Every structure is written in structure tokens, then in C-alpha cells.
Amino acid sequence: MSARWWSRPAVVGLWLGLAFGSWNLLWTWLYPLAEDTEGALLAFYGPVFIAWAITAFVDARRTGRIRDGVGAAVVAACVTFCVLDLLVMVRVNLFLNALTARTDWQALLSRFPASGFATLRGYINYHYLSEAPFKIVVASTIGLGMGLTGAGLGYAVRKAINERLNEAVR
């Protein structure tokens with residue numbers, strides 16, 4: 001039986017990163033001055049986190065091992081944020097002039113003169129690149145938590161189905 005794309009965590013992460021990174025680009029193009037409020041961030045990242053839990057659920061239910069589901073979610077989370085961070089860099093470079101007018105960027109912009117960088121673009125790229133590893137680790141840790149939840153549920157469902165099948169055979 002051939003594996004489907006949704007049973008490959010790295011491919012799931014790639015698709016999630018591309019989908020949400022593209023959404024981020026489109027949203028910035030349509031609404032360049034929209035702030036990254038807590039509600040906006042939750043609406044953006046919440047579905048990503050749920051997708052990681054679903055990835056873990058599917059994998060644990062398929063294999064019967066919680067560890068497999070958790071691992072799948074962590075891989076999906078890591079790949080998602082690697083791709084998403086690349087697309088965020090594209091976003092920052094495409095829309096730099098518009099983004100500098102946002103109030104949530106003012107603290108970052110106030111640090112530019114003392115940064116030693118000759119250009120704002122260079123400083124912003126450095127800032128985003130230097131934050132990327134931390135964001136990927138945080139996302140992978142969230143993937144671990146979502147993986148535990150999803151894999152636990154996937155394992156429980158598999159166990160319940162197997163118990164019902166065993167009862168039906170008796």
C-alpha cells in the first residue's frame with residue numbers, strides 16, 4: 001500500500017508552511033497595515049497547531065504507537081516553520097516600505113540607528129534570520145505538545161476500535 005502525503009509528516013509540514021506562508025503574503029498584500037494582535041496571531045497559528053495534532057492523531061492511530069504520532073507532529077511543526085520563516089522573509093522584503101508604517105514595528109525600527117547596519121533592509125533581514133532558530137525550536141516544542149494530545153487521542157481511538165472488533169469476533 002502506498003503512503004499518502006498526509007501520512008508523511010515532512011510533506012504535511014511543507015504543505016502547511018506553504019499554505020500559511022502564502023496566506024500571510026496575501027494578507028499583507030491586501031492589508032499591509034494590519035497589526036499582529038493577539039487575536040490575529042491566534043486565528044493564524046491556531047489552525048496550524050490543530051493540524052499538527054491531527055497529524056499526530058493519524059499517525060498514532062495508524063501505527064498504534066503514541067511515540068510515532070508525537071514524532072510526526074514534531075517533524076511537521078519543524079518543517080512548517082522552516083518553510084513559513086522563508087516565506088516571512090519574502091514578505092518582509094516585498095512589503096518592507098508598507099510594514100515600516102505599522103505601529104507594531106516601531107520598537108524594531110527604533111533599534112535600527114544603533115544597529116550598525118547601513119540599510120534598514122539589511123537590519124530587518126538580520127533580525128528575522130537571527131530569530132528563526134528560536135521560532136523553529138518553539139514551534140517544534142508546541143508540535144510536541146500538540147503531538148502528545150493528538151497521538152494520545154489517536155491511540156485511544158485505535159484501542160477502542162480494536163476492543164470492539166475483538167468483542168464482535170467472540
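Helix H2 (residues 38-63) and helix H3 (residues 66-94) have axes that come within 7 Å and cross at roughly 145°. Axes here are lines fitted to C-alpha atoms, for helices over the stretch in contact, with angles running from 0 to 180 degrees between N-to-C directions. Helices are DSSP runs (H or I, at least four residues), numbered from the N terminus. The model is predicted: local features need pLDDT of at least 70, side-chain atom pairs count only at pLDDT 80 or more, and totals for chains, interfaces and linings use all residues. Numbering starts from 1 along each chain as its sequence is written, and side-chain values use heavy atoms, without hydrogens and water.

H2 and H3 cross in a right-handed sense (the near helix is turned clockwise from the far one by less than a right angle). On the H2 side, the contact (heavy atoms within 4.5 Å) includes Phe44, Tyr45, Val48 and Trp52. H3 contributes, among them, Ile66, Asp68, Gly69 and Val70. By class, this contact has 14 nonpolar, four polar and two charged residues. Ala, Val, Leu, Ile, Met, Phe, Trp, Tyr, Cys and Pro count as nonpolar, Asp, Glu, Lys and Arg as charged, and the others, Gly among them, as polar.

Next comes helix H1 (residues 9-30). H1 packs on H3 at an angle of about 30°, with the axes 7 Å apart. H1 and H3 are therefore roughly parallel to each other (angles under 35 degrees). Their crossing is right-handed. The residues of this contact divide into 18 nonpolar, seven polar and one charged.

H2 also meets helix H6. The axes of H2 and H6 come within 6 Å and cross at roughly 40°. The contact of H2 with H6 holds 15 nonpolar, five polar and three charged residues.

The largest pocket has a volume of about 910 Å³. A pocket is an open set of points on a 1 Å grid over the protein atoms alone, where a 1.4 Å probe fits, with protein on both sides within 12 Å along at least five of seven lines. The volume is the space filled by probe spheres set on the points, which are joined across faces, edges and corners. The lining (residues with an atom within 4 Å of a point) has 32 residues, and Asp36, Leu41, Phe44, Tyr45 and Arg91 lie nearest the pocket's centre. H6 (120-169) gives the most, with eight residues. By class, the lining has 21 nonpolar, three polar and eight charged residues.

Key
Helices (H or I, at least four residues) and strands (E, at least two) are DSSP runs, numbered from the N terminus. Angles under 35 degrees count as roughly parallel, over 145 as roughly antiparallel, 65 to 115 as roughly perpendicular and the rest as oblique.
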